[in-house]
Amino acid sequence: MNHFTEKVNPEDPSEPLLVATGLPDELRGSLVKFGATDIGNKVYQQFIKDGATATFTEVTTATDPDLQVAWRVGFNGNPNEIHYTRNISAWKAAPYTKRPGDEIQSATLGSLIAHEFGHTRSGLAAIGIRQNTFKLSVDEPRASALFENSYRAKYNMPIKRTYRKENDVLNFRSGN
Ligand SMILES: [Zn+2]
């Protein structure tokens with residue numbers, strides 16, 4: 001596992017520096033909880049099978065005031081890299097479109113990490129998908145239904161029903 005933190009670049013504030021940092025305890029705890037779910041266990045096995053390394057890059061409001069880069073996969077071209085933030089409350093307060101049933105307010109670091117694994121190359125391979133389709137209408141309900149909601153169900157959190165349009169997650173039926 002690799003972990004980086006975006007830090008302010010004194011020479012160019014628009015281009016943050018990536019600094020190698022230790023895995024924060026909070027993230028470690030969420031990863032352990034994800035690994036205890038059925039899908040999490042499958043995903044970790046797939047990473048091992050692939051000889052792949054999960055990379056976590058933490059963004060903070062110091063370099064990204066609206067945390068726009070948090071919760072993205074492959075942002076730097078690495079299909080097993082997850083950009084995330086521990087500052088969930090600031091992320092929830094950011095001016096994104098909110099929809100009924102999207103369960104943004106109930107999200108935790110663990111549920112968000114579980115969701116992002118559903119966009120990683122090895123996470124997709126764990127459910128038999130070899131290529132990310134880059135179709136938001138498929139990718140997002142799939143990551144929400146098969147990864148995030150498995151985590152939510154295990155830890156008695158409300159189920160996410162909606163990502164982009166009402167009940168698209170609830171109605172998701174296929175692994176493709
Ligand atoms: Zn997503």
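This is a predicted model: local features need pLDDT of at least 70, side-chain atom pairs count only at pLDDT 80 or more; totals for chains, interfaces and linings use all residues.

Started with burial: 33% of the chain's 176 residues count as buried.

Going along the sequence, the order reads β-β-α-α-β-β-β-α-α-α-α. I checked the radius of gyration too: it is 16 Å, close to the 16 Å from the globule rule for 176 residues, so the chain is as compact as a globular protein of that length. The C-alpha trace spans about 50 × 40 × 30 Å along its principal axes. Of the contacts with a separation of 6 or more, 64% come from residues 24 or more positions apart.

Then the strands. I looked at β1 (residues 2–7) and found it running parallel to β3 (residues 55–58), with four bridges joining them. F4 has T57 as its bridge partner in β3. β1 also pairs with β2 (residues 17–20), this time antiparallel, over four bridges. On that side I find E6 opposite L18 of β2.

Last stop, T162. Where does T162 lie relative to α6? I find it in the segment after that helix, which covers 136–154. Is T162 buried or exposed? I count 21 C-beta neighbours inside 10 Å, and the cut-off for buried is 20 or more, so T162 goes down as buried. Leaving out residues up to four places away in sequence, T162 touches R99, P100, G101 and D102, plus N167, D168 and V169. I also took the C-alpha distance from T162 to S144, 18 residues apart along the chain, and got 8.5 Å.

Notes:
Residues are numbered from 1 along each chain as its sequence is written. Helices (H or I, at least four residues) and strands (E, at least two) are DSSP runs, numbered from the N terminus. A residue is buried if 20 or more other C-beta atoms lie within 10 Å of its own, exposed if 12 or fewer, and partly exposed in between; C-beta atoms are placed from the backbone. Two residues are in contact if their C-beta atoms, placed from the backbone, lie within 7 Å. Two strands pair if DSSP finds at least two bridges between them. The radius of gyration is taken over C-alpha atoms; the globule rule is 2.2 Å times the number of residues to the power 0.38.
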